[in-house]
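Please read this note beside the sequence and the 3D view. It is written for a reader who is new to protein structures.

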Amino acid sequence: MSRTEPTTVREGAAERRAHADYTGGVYGSMLAASVVIGAGALGSFPRLELVLLLLLTGVVFWIAHVHAQLFGARLAQRPLDRRAVLHVLRDEWPIVKAAVPPAVAVAVSPLLGLDVQGAVWLALSVAVAGQVGWSVAAARRAGASWRLMATTAAVNLALGLLIISFKLFLKH
């Protein structure tokens with residue numbers, strides 16, 4: 001066994017986490033914020049509809065990314081096997097994970113005394129915070145300096161604020 005091969009399952013899992021790609025989390029958070037902005041007029045059960053819209057959109061985009069990875073890039077390079085499929089499914093899962101906190105924010109908003117618009121703003125804020133958090137986690141995991149982590153946080157916050165500005169200009 002070479003020095004680069006993990007000697008135990010635990011070391012293999014630690015190595016996968018060390019090389020984790022948080023791009024999906026950043027992307028998923030931006031997607032969730034965009035879903036909240038684009039939700040517009042919801043029907044009779046706006047909170048439930050927004051929760052479902054957030055989660056289902058995350059799942060659909062996860063599937064789309066898995067498909068693109070498996071049948072776009074990977075198929076041209078090597079045949080698919082179970083291990084490769086599971087690897088891509090796991091790597092793209094942060095897209096779905098990023099939709100969960102904004103969905104939970106909407107779900108618990110009545111407990112906080114928020115009306116539907118308050119729930120929308122809470123979900124949007126949680127999505128932007130997630131976007132910043134995922135980007136900082138990615139930079140930290142990559143061994144970036146504090147300056148680079150601050151820069152990526154600032155850039156992602158600016159992108160989040162840009163999305164929020166769309167909400168301010170779009171009146172549903």
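The numbered points below go from the overall fold to single residues.

1. Basis of the note. This is a predicted model, in which local features need pLDDT of at least 70 and side-chain atom pairs count only at pLDDT 80 or more, while totals for chains, interfaces and linings use all residues. Residues are numbered from 1 along each chain as its sequence is written, and side-chain values use heavy atoms, with hydrogens and water left out.

2. Overall fold. The protein has 7 helices and 0 strands, and its elements run α-α-α-α-α-α-α from the N terminus. Helices (H or I, at least four residues) and strands (E, at least two) are DSSP runs, numbered from the N terminus. Of contacts between residues at least 6 apart in sequence, 70% join residues at least 24 apart; contact means heavy atoms within 4.5 Å.

3. Surface and burial. The accessible surface comes to about 10,500 Å², and 66% of that surface belongs to carbon and sulfur atoms. Such areas come from the Shrake-Rupley method with a 1.4 Å probe; for residues, only the protein chains shown count as cover. Of the 172 residues, 34% count as buried. Buried means under 20% relative accessible area, exposed means over 50%, and partly exposed lies in between (1.4 Å probe, protein chains only).

4. The largest nonpolar core. A nonpolar core is a set of buried Ala, Val, Leu, Ile, Met, Phe, Trp, Tyr and Cys residues joined through side-chain atoms within 4.5 Å. The largest one has 19 residues, of which Ala 33, Val 36, Leu 50, Leu 54, Val 106, Leu 124 and Ile 163 touch the most other members. At least two residues of this core come from each of helix H2 (23–38), helix H3 (46–77), H5, helix H6 (116–141) and H7. H2 supplies the largest share of this core, 6 residues. Not counting residues up to four places away in sequence, Leu 50 touches Val 36, Ala 39, Leu 42, Val 106 and Val 120.

5. Glu 92 belongs to helix H4 (residues 82–92). Is Glu 92 buried or exposed? Glu 92 is buried, because its relative accessible area is 12%. Leaving out residues up to four places away in sequence, Glu 92 touches Trp 62, His 65, Val 66 and Gln 69.

6. Helix H5. The 15 residues of H5 should span 21 Å at 1.5 Å a residue, and the end C-alpha atoms are 22 Å apart, which agrees. The expected span is 1.5 Å times one less than the number of residues. Among the buried residues of H5 are Pro 94, Ile 95, Val 96, Pro 102 and Val 106. Val 108 is also found in H5 (residues 94–108), but Val 108 counts as partly exposed because its relative accessibility is 32%.

7. A nonpolar surface patch. Val 100, Val 104, Val 108, Leu 111 and Leu 112 form a nonpolar patch on the surface, with about 450 Å² of accessible area together. Patches are made of residues with over 30% relative accessible area and no salt bridge; like charges are joined within 9 Å, and nonpolar side chains (Val, Leu, Ile, Met, Phe, Trp, Tyr) within 5 Å. A salt bridge is a side-chain nitrogen of Lys or Arg within 4 Å of a carboxyl oxygen of Asp or Glu.

8. Ala 123 in H6. Ala 123 is found in helix H6 and is buried, with a relative accessible area of 0%. Which residues does Ala 123 touch, not counting residues up to four places away in sequence? They are Val 36, Pro 102, Ala 105 and Val 106. Ala 123 and Pro 101 are 22 residues apart in sequence, and their C-alpha atoms are 7.8 Å apart in space.

9. Helix H7 and its partners. The buried residues of H7 pack against H2 and H6; those buried residues include Met 149, Thr 152, Ala 153 and Asn 156. Asn 156 counts as buried because its relative accessibility is 7%. Leaving aside neighbours within four places in sequence, Asn 156 is in contact with Val 26, Gln 131, Val 132 and Ser 135. Ser 135 lies in helix H6 and is buried, at 4% relative accessible area. The C-alpha atoms of Ser 135 and Val 26 are separated by 6.0 Å, although these residues are 109 apart along the chain.
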